[in-house]
Amino acid sequence: MAVSPAVGAALSCGLMSVLSFSGALLLLLGKKGGAGWAEYAALTLAASTMVADSFLHLLPEAVEDGNEWTMLAAFLGAVSVVCFEAGCAAVESSVEPFGLANLAVEAVHNLIDGAAIGVSWAASTSAGLATTVAVAIHELPQELGDFAVLKRAGFDSRRLLLANFAVSLTSFLGVALASTLVVSHYLLAFTAGSFLALSLHSIAPQVLASLDEHKASPFARVSCLAIALAAALFMHALALLEHADATTTTTTTTMQSSEEPRSAPRVDAKLRW
């Protein structure tokens with residue numbers, strides 16, 4: 001039984017929303033006495049995944065399809081995070097500014113994921129499934145890291161899960177706008193810049209502070225470096241897999257298009273997330 005593109009994309013985004021609750025696994029670790037290790041390890045995972053995603057996924061895609069304004073979008077993304085945090089700091093709140101910035105950045109990132117899912121399902125069922133798997137694989141470690149970031153920022157567990165779930169829903173908006181996002185490379189670059197600012201300016205200092213607060217041993221500090229390296233290698237392998245899937249899908253779509261009448265619409269099936 002064939003699945004329509006709309007239904008397939010909706011189910012894929014539903015899966016992404018379910019994954020937003022995966023950070024609750026850290027609560028179980030905390031209850032078993034590993035709260036300190038779980039916190040600084042997850043914060044390290046969050047920062048390193050964002051940096052790797054920026055350099056290995058988002059920026060290469062943005063530059064490939066962009067122009068001379070693309071890197072300006074990345075710069076504006078970085079500046080916007082710093083300015084957003086400064087604005088939040090001026091308002092009294094129980095939540096640290098970097099936590100709110102994390103939610104805002106993730107909302108944009110999920111929007112792009114949704115657009116990628118929508119375009120891929122419109123191309124073919126196989127392309128839609130491939131993109132769904134790719135997005136899910138890279139979302140899981142990021143959701144774990146986001147949980148630690150928001151927890152560190154002052155969210156209680158209930159508000160944290162609800163806020164993270166609400167932000168994940170922007171992927172549905174991305175699906176709806178998939179055919180109209182003609183400036184997607186600017187969004188990719190903007191997200192990359194915001195990821196870099198958030199990870200290096202806000203989350204990395206929290207990793208160091210968490211290590212000091214929990215009086216982490218030298219072994220624990222080295223383990224954080226190992227986590228960062230493992231995250232980078234994982235994202236690199238995922239980038240290679242994504243590139244191979246994109247090449248295969250584009251070739252298949254081109255062959256199918258050559259067999260259709262010239263009046264038939266063509267869909268750009270290049271996979272992005």
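Read along the sequence, the protein chain of this predicted model follows the pattern α-α-α-α-α-α-α-α-α. The chain contains 9 helices and 0 strands, where helices (H or I, at least four residues) and strands (E, at least two) are DSSP runs numbered from the N terminus. Residues are numbered from 1 along each chain as its sequence is written, and side-chain values use heavy atoms, without hydrogens or water. Local features require pLDDT of at least 70 and side-chain atom pairs pLDDT 80 or more, whereas totals for chains, interfaces and linings use all residues.

Of the 273 residues in the protein chain, 48% are buried (under 20% relative accessible area; exposed, over 50%; partly exposed, in between; 1.4 Å probe, protein chains only). The accessible surface amounts to about 13100 Å², with 72% belonging to carbon and sulfur atoms; areas were computed by the Shrake-Rupley method with a 1.4 Å probe, and for residues only the protein chains shown count as cover. Among contacts (heavy atoms within 4.5 Å) with a separation of 6 or more, 85% join residues 24 or more positions apart.

Trp69, Leu72, Phe75, Leu76 and Val79 form a nonpolar surface patch of about 480 Å². Such a patch comprises nonpolar side chains (Val, Leu, Ile, Met, Phe, Trp, Tyr) joined within 5 Å, from residues with over 30% relative accessible area and no salt bridge (a side-chain nitrogen of Lys or Arg within 4 Å of a carboxyl oxygen of Asp or Glu). Phe75 lies in helix H3 (residues 70–89) and is classed as exposed because its relative accessibility is 52%.

Cys83 is partly exposed, at 48% relative accessibility, while Cys88 is buried, at 17%. A search of the whole structure finds 0 disulfides (pairs of cysteine sulfur atoms within 2.5 Å).

Note on methods
Patch = residues over 30% accessible without salt bridge, like charges linked within 9 Å, V, L, I, M, F, W, Y side chains within 5 Å.
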